[in-house]
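Visitor: Could you walk me through this structure? I would like to begin with the whole chain and then look at some details.

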Amino acid sequence: RLHFIMSKQVKNPEADTYYPPTKSTYLNPESKADLSKARVTADKVDLSNPDLAKVRDDVKNPNSATNWLVFGYEGLTSNKLKVVGSGDGGYEEMFEELTHATPLFCMLKLDLDGLKRLVYLTWNPAAVPPVQKGLMHGRSWDVGKFLEPYHLQVDAQTETDAELDNIMKLLRRAAGSK
């Protein structure tokens, strides 16, 4: 069950709604949260877009120069993913795609001691609405299954969590090197 107790409502700029809604079901611990009022569906993530697999396979191809990808939702209330970006500019180029109010799923190909390593990064910043933030955790597992195999998963909520130095430190630790 989802329960939300918040003292402040936030206006959704893309829709004429507020979240969390003032409906008392959010405050009643005996009832389920009414996700439809928060304008976010609780459905599993939709990975049916064929571009997602194309970009994923391009990043995973060792002969490809493409070394990052970013997936995001098609809309604020959607569970369908789209390709936000991909490229060969490495971490810096991928980092430019991260926004402070949008949950994103990323994959990055990094070089560690001459070997290519894949890092799956989930970006779930603090400004994401609470219901969508909660759904992100379950959906990140589904996206991870779609992207696997990879060498490391990083769940980032702040820019510090997503800094290259921190990612490389975790990757070295996972690979058994210091």
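**Surface, strands and one lysine**

Guide: The chain exposes about 9900 Å², and carbon and sulfur atoms supply 50% of that area. Accessible areas come from the Shrake-Rupley method with a 1.4 Å probe, and for residues only the protein chains shown count as cover. This is a predicted model: local features need pLDDT of at least 70, side-chain atom pairs count only at pLDDT 80 or more, and totals for chains, interfaces and linings use all residues. Residues are numbered from 1 along each chain as its sequence is written, and side-chain values use heavy atoms, with hydrogens and water left out.

Visitor: What percentage of the residues count as buried?

Guide: Of the 178 residues of the chain, 43% count as buried. Buried means under 20% relative accessible area, exposed means over 50%, and partly exposed lies in between (1.4 Å probe, protein chains only).

Visitor: And how many helices and strands are there?

Guide: The chain has four helices and seven strands. Their order along the sequence is β-β-α-β-β-α-β-β-α-β-α. Helices (H or I, at least four residues) and strands (E, at least two) are DSSP runs, numbered from the N terminus.

Visitor: Let us turn to β5. Which residues does it span, and how does it pair with β6?

Guide: Strand β5 covers residues 104-112. It pairs with strand β6 (residues 115-123) in the antiparallel sense over nine bridges; two strands pair if DSSP finds at least two bridges between them. The two form a hairpin with two residues between them, and Asp-113 in the turn has a positive phi of about 55°. Leu-112 has Leu-115 in β6 as its bridge partner.

Visitor: Why is β5 described as largely enclosed?

Guide: Eight of the nine residues of β5 are buried, so the strand is largely enclosed by the rest of the structure.

Visitor: What about β3, and which strands does it pair with?

Guide: β3 pairs with β5 in the antiparallel sense over five bridges, and with strand β4 (residues 81-87), again in the antiparallel sense, over six bridges. Leu-69 stands opposite Ser-86 in β4 and opposite Met-107 in β5. Gly-72 stands opposite Leu-104 in β5. β3 is mostly covered, with six of its six residues buried.

Visitor: Which backbone oxygens does its side chain meet?

Guide: A polar atom of the Lys-109 side chain lies 3.0 Å from the backbone oxygen of Asn-61.

Note on methods
Polar contact = N/O pair within 3.5 Å; in protein donor to acceptor, adjacent residues only side chain to side chain.
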